[in-house]
Amino acid sequence: MQAKQALAQEAARLKSQMLISDLVEQYIEKHIRTFLKPGPSQRERERQLRNAIEPYYGQPSSDLSHDLVQNTIDDKRAAGKMDMANRL
């Protein structure tokens, strides 16, 4: 049981050291660049994601929550950018 707790604490410590920008870049590398064809649509999706999450880039990844992501999507919808909201 102690080993599991130690592993969980270590994972939480490492997660708190990562920034949201690190997670975004990992997502871009592992998903967008893997599953979207290289070209304008891939570059545009990367740009959209970076711009939407940019205000949170300096925050630790431990601050990332469902509410933060949902609020970002809701803000895009409120601005009338439905397509962009659906892509985040």
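The pLDDT is the predictor's confidence in each residue, on a scale from 0 to 100. The structure shown here is a predicted model, and its protein chain averages a pLDDT of 86. Of the residues, 95% score at least 70.

**Confidence along the chain**
- Among the elements of the protein chain, helix α2 (residues 20–35) has the highest mean pLDDT, 93.
- The lowest mean pLDDT among these elements, 77, belongs to helix α1 (residues 2–17).

**The largest nonpolar core**
- Seven residues form the largest nonpolar core: I20, V24, I28, I32, L49, A52 and I53.
- Two or more residues of this core are given by each of α2 and α3.
- Helix α2 supplies the largest share, four residues.
- I20, a member of this core, is in contact with I53, Y56, Y57, Q59, P60, S61 and L64, when its neighbours within four places in sequence are left aside.

**Helix α4**
- Helix α4 comprises 13 residues (66–78), which at 1.5 Å a residue should span 18 Å; the C-alpha atoms at its ends are 18 Å apart, in agreement with this expectation.
- L68, T72, I73 and K76 are the buried residues of α4.
- The packing partners of the buried residues of α4 are α3 (40–53) and α5 (82–87).
- After α4 comes G80, which has a positive phi, near 80°.

Methods. Residues are numbered from 1 along each chain as its sequence is written. This is a predicted model: local features need pLDDT of at least 70, side-chain atom pairs count only at pLDDT 80 or more; totals for chains, interfaces and linings use all residues. Side-chain values use heavy atoms; hydrogens and water are left out. The expected span of a helix is 1.5 Å times one less than its number of residues. Buried means under 20% relative accessible area, exposed over 50%, partly exposed in between (1.4 Å probe, protein chains only). Contact means heavy atoms within 4.5 Å. A nonpolar core is a set of buried Ala, Val, Leu, Ile, Met, Phe, Trp, Tyr and Cys residues joined through side-chain atoms within 4.5 Å.
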